[in-house]
Amino acid sequence: MAVPHFMASGMGGIRTAGDLVARMEYSKNMKVDKAKEYVAKKLSLSAMDIADEYIMRELREELKIGVVTGLPGAPRGIAAKMNIEKLLDIKINSCDKFRGMLKN
């Protein structure tokens with residue numbers, strides 16, 4: 001888990017769209033440029049805009065996909081990951097595991 005964390009942090013992590021780009025790289029085996037394009041398209045932004053902390057902060061709050069500082073009532077942790085799953089049309093293992101735990 002150290003390498004994905006390092007990659008996500010290096011691309012802005014949760015401050016911008018680095019975590020989303022890293023998820024696409026690992027879940028769909030995309031190269032970084034393709035992953036950035038994919039995420040930008042899903043967010044209806046340009047590839048440059050997804051690296052802007054101010055734009056992404058507002059968008060992350062609006063889409064409920066997690067922000068660095070906790071906001072009262074805003075999803076975080078597994079709830080934010082589930083929103084990321086829907087947004088990017090991917091499966092996240094921890095979300096599947098959580099859903100499985102809820103069924104039992």
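**View A. What lines the largest cavity.** Four nonpolar, one polar and three charged residues make up the lining; here Ala, Val, Leu, Ile, Met, Phe, Trp, Tyr, Cys and Pro count as nonpolar, Asp, Glu, Lys and Arg as charged, and the others, Gly among them, as polar. They are R60, E61, K64, I65, G66, V67, A74 and P75. The space inside comes to about 30 Å³. A cavity is a set of points on a 1 Å grid over the protein atoms alone where a 1.4 Å probe fits but cannot get out, and lining residues have an atom within 4 Å of a point. This is a predicted model: local features need pLDDT of at least 70, side-chain atom pairs count only at pLDDT 80 or more, and totals for linings use all residues. Numbering starts from 1 along each chain, and side-chain values use heavy atoms, with hydrogens and water left out.

**View B. D19 meets R60.** These two form a salt bridge (a side-chain nitrogen of Lys or Arg within 4 Å of a carboxyl oxygen of Asp or Glu), with their closest N and O atoms 2.9 Å apart. D19 sits in helix 2 and R60 in helix 4, so the pair ties together parts 41 residues apart in sequence. Both D19 and R60 are buried, meaning under 20% relative accessible area, while exposed is over 50% and partly exposed lies in between (1.4 Å probe, protein chains only).

**View C. R57 and E61 in helix 4.** Their side chains meet in a salt bridge at 2.7 Å, N to O. The two are four residues apart, about one turn of the helix. E61 is partly exposed at 36%, and so is R57 at 27%.

How values were computed
On a 1 Å grid over the protein atoms alone, a cavity is a set of points where a 1.4 Å probe fits but cannot get out, and a pocket is an open set with protein on both sides within 12 Å along at least five of seven lines; lining residues have an atom within 4 Å of a point. Grid points are joined across faces, edges and corners, and a volume is the space filled by probe spheres set on the points.
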